[in-house]
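Here is a friendly tour of a protein model, meant to be read with the structure open beside you.

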Amino acid sequence: MDKFTSHTGIPVPLRRSNVDTDQIIPAVYLKRITRTGFEDGLFAAWRNDPDFVLNTEPYDVGTVLIAGPDFGTGSSREHAVWALQNYGFRVVIGARFGDIFRSNSGKAGLLVAQVTPEVVESLWGFAEQNPGTVITIDLEERSITVGEQSFDFEIDDYTRHRLLEGLDDISSTLRHAGEIDQYESTRPDFKPAALPIRTAG
Amino acid sequence: MGKTLSEKVWDAHVVRQAEREPDLLYIDLHLVHEVTSPQAFEGLRMAGRSVRRPDLTLATEDHNTPTLNIDRPIADPVSRTQVDTLRKNAADFGVRIHSLGDKDQGVVHIIGPQLGITQPGMTIVCGDSHTSTHGAFGAIAFGIGTSEVEHVLATQTLPQSRPRTMAVNIEGDLPDGVTAKDLVLALISKVGTGGGQGYIVEYRGSTVESLSMEGRMTICNMSIEWGAKAGLMAPDETTFNYIMGRPHAPEGKQWDAAVEYWRTLRSDDDVTFDREVDIDASALTPFVTWGTNPGQGVPLGADVPSPSDFTDPGDIAAAERALEYMALTAGTPMREITVDTVFLGSCTNGRIEDLRLAASVLRGERIAEAVRMLVVPGSARVRLQAESEGLDQVFLDAGAEWRAAGCSMCLGMNPDQLAPGERAASTSNRNFEGRQGKGGRTHLVSPAVAAATAITGRLSSPADLALAR
Ligand code: SF4
C-alpha cells in the first residue's frame, strides 16, 4: 500500500444521509474479479441525473468527498471503497460511518476522516460557496485546512499509523506466526473443521 | 466482575494483545463466496502465499448465481467468469466448495448452520455483512471486506478492536401471527440504523429462549441493519438439539466435551453491559417497512408516517427522500399499499420453517392476478426438504414460482430483479434504494405477511385474510 501523509484536492459536497454501500455501488456492478474498473458503478443510480454533484464542474474532478451521516452502512462490499478510489477519491470526511466500510477503507488506503456534524456542515458550505477551491487533509496532524480555517479530525491510532507507513497488514501479522502456531496448538479437538468433507449424503 | 457472553468468546480467541494495537483474533471458520473473494485469492497468488487453514475454510456459490436453469452454463459471461474464478481458486488453494447443483450449495449463512459447522463459542467471518446470522448459536460472527478476507486466508486471524457490549432484553410471548422478523424490524425502528454502531449485541430474555433456531437466526441476521458489529445469543438446549446429528456435529466424547464447554457460554449474573435496550415482545404486531432503510418501519396496522412526525432534521430529510423514492403519501394506511412482486427467500427468511409458514398461508389459495411471487429456498437442501414435504406444490398451485437456491432478489445481482418503479414485499433484510433492482421499491416483511400479501395484492397479514372471509 502507498504511504498517505497528506492530500490536497477539490471537496465534493454530498448532502445525503444513510448512503449505504448499495448506493455507493449497486450489486450488478460487483461482478468484476479485479480491484479496478469500478468507477462506472459509483453512485450509479444518481449518475444519470445532470444535477447530481459529480455531474457538475468542478466537483466532477473532486478527490475529497464530504459525506452525510451513516455513510457506507450496509453491505460489506469493499468494492464501495474501490469504486471511490477508482473514480479518484482519496479522502472521505463525515460524522458517522458504517463500521465495515471504515475498516475496508483503512485496509485499501482510502482515508476516512471523522469530524462532528457541525464541521461537515461548515465543509459543505465551504465547498458549495467556493467551488473548486482546494482543501488539505493532513494525516500526520489529523487536520483539515480550508482557506483560513482548520479543523481536527479523528482516526484511530492504529489505522493512522498503518496509512502513514503504508504498511501491509498481512506482513505485519505474519511476523507473529509463532504466536498463531502456539494458539493453534491449544484449540480444543471438538472444534469443527470443513475438511475432511462431511455431508448428509 | 463477571464476563458477558461475547467477552468470553472474544477472550478465548485472542492470539496476541499489545498496547495501542487491536487484538489479534483467531478465526475458527471462514466462509467464502464468489463475489467478495476473487481479489483476495489474487492477492495471495501475487504475494506467493497459501491458504493457512483450508480445513477451516468453506466456499459456496450464492450471490451471483441464477435460480433458473442451473444445470446450464450461466448465461451472463461476466457472472460466469466470477463463479468459475471461485471454482478455480478453490481448486488451486485446496478449499472445499459447494457449487451450483451440489446438494450442500446455498446461501452461505444457511449452509453453515445446516452442516452443523456453525457451533457455539466460535469466531466466524465471511465477506458478507449478514455473517451475524451465525451469532444465533453463541458465536461471534461478523462480516468483513475483501482485504480482510485475504488476511484471514493467509493467517487465519484478524486484527480487531474490542467492541463495546450491549444487551437487548426481550421479554414476553410473541402474540399469534407475530414472528421473529416482526420483532427485529420493530427493534430496528426503535433504535435506529446506527444504534448498534461499535457494539456486539447480546439478545437475551424469555422471548429469545422460546424461539426456534430459525427465529433466532432471523434476529441475529439483521444485527448489521442497526449497525452492530455482531449479534449473538447464549446457546441452550434448543441450540444443542439443532446441532446434534448434523454432519459436522461433534460425536461421542467430543460431543460431551463440547456441550460442557457450550454450557459455560452465557453472560455471568453480575455483568454490566455498556448499554441495554428493553423490548416487550407481547405488545408487538406484524411490522413492515415503508421507507428505504430497515429502521423506517411501522406496524402493519399503521399509516405511512409524515416527515413532520420526526424531530431530528436528518430523520425528517431522510423521510422526505424515502417517501419520494417509495412514491408514498403520508397518511396512507400501510394495508392499502399494493405490490406487484413478492419475494420469499434470503438468509433472513429462506429456511425451511419460513417456507412452511408461508405455505401454510398459501395452501389452497391463489395469489392475486397482478402479483408475481418468487419462492427461493435458502439452500439446495431446504429446497429438497420443502419438496419432500410437498411445499413446492403448494407454492406452484397458488401461482408462485419455485426456484433454485441462492441470494436471488435479495440483492438483485442475478436476473431476479425488480424493474424500475416495481414494488415488492420481501422477506429479505434490506430495503435500500435500488437494492432489488434499479428504481425498485421494497417493503420488508415476515414470511407470513409475504404470503398473505401475495394473495390480496396489498400489504396484509394472515389475520386480514380470515377477516375478509
Ligand atoms: S441472501 Fe441477501 S443478505 Fe443474505 S447473503 Fe445473500 S445477498 Fe446477502
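## Reading the model

Helices (DSSP runs of H or I, at least four residues) and strands (DSSP runs of E, at least two residues) are numbered from the N terminus. This is a predicted model, in which local features need pLDDT of at least 70 and side-chain atom pairs count only at pLDDT 80 or more, while totals for chains, interfaces and linings use all residues. Residues are numbered from 1 along each chain as its sequence is written, chains are lettered from A and ligands numbered from 1 in the order in which they are written, and side-chain values use heavy atoms, with hydrogens and water left out.

## One arginine in a loop

Let us begin with Arg49(B), which sits in the loop between helix H2 (38-47) and strand E4 (57-60) of chain B. Is it buried or exposed, or something in between? Its relative accessibility is 21%, so Arg49(B) counts as partly exposed. Here buried means under 20% relative accessible area, exposed means over 50%, and partly exposed lies in between (1.4 Å probe, protein chains only).

Which residues does Arg49(B) touch, apart from its neighbours within four places in sequence? In chain A, Arg49(B) is in contact with Asp168(A), Ile170(A), Ser171(A) and Leu174(A); in chain B, its partners are Leu44(B), Phe93(B) and Ala154(B). Contact means heavy atoms within 4.5 Å. Glu150(B) is 101 residues away from Arg49(B) along the chain, yet their C-alpha atoms are separated by 10.0 Å.

## Chain B as a whole

Chain B has 17 helices and 19 strands. Its radius of gyration is 21 Å, close to the 23 Å that the globule rule gives for 469 residues, so chain B is as compact as a globular protein of that length. The radius is taken over C-alpha atoms, and the globule rule is 2.2 Å times the number of residues to the power 0.38. The C-alpha trace of chain B spans about 60 × 55 × 45 Å along its principal axes.

Of the 469 residues in chain B, 66% count as buried. Just after H13(B) comes Gly364(B), with a positive phi of about 75°. Another positive phi, near 55°, belongs to Ala327(B), a residue other than glycine. Ala327(B) lies in the loop between helix H11 (313-326) and strand E15 (341-344) of chain B, and with a relative accessible area of 46% it is partly exposed.

## Chain A and its backbone

Now turn to chain A, which contains seven helices and eight strands. Its C-alpha trace spans about 65 × 40 × 25 Å along the principal axes, and buried residues make up 55% of its 201 residues. Take the contacts in chain A between residues at least 6 apart in sequence: 69% of them join residues at least 24 apart.

Where are the cis peptide bonds to look at here? One runs from Glu57(A) to Pro58(A), with omega near -5°, and Pro58(A) is in the loop between helix H1 (21-24) and strand E3 (64-66) of chain A. The bond from Leu195(A) to Pro196(A) is also cis, with omega near -5°; Pro196(A) belongs to the segment after helix H7 (177-185) of chain A. Asn18(A) is not a glycine, but has a positive phi of about 55°, and you can find it in the loop between strand E2 (11-13) and H1 of chain A.

## Enclosed spaces

How many cavities of 30 Å³ or more does the structure hold? There are four. On a 1 Å grid over the protein atoms alone, a cavity is a set of points where a 1.4 Å probe fits but cannot get out, and lining residues have an atom within 4 Å of a point. Grid points are joined across faces, edges and corners, and a volume is the space filled by probe spheres set on the points.

The largest cavity has a volume of about 200 Å³. Of its 23 lining residues, the closest to the centre are His63(B), Asp128(B), His130(B), Leu411(B) and Arg435(B). The second largest cavity, about 120 Å³ in volume, is lined by 13 residues, and those nearest its centre are Gly98(A), Asp99(A), Ile100(A), Ile224(B) and Gly227(B). The largest share of this second lining, three residues, comes from H3(A).

Conventions. 1 Å grid on protein atoms, 1.4 Å probe; cavity = no way out; pocket = protein on both sides within 12 Å on 5 of 7 lines; lining within 4 Å.
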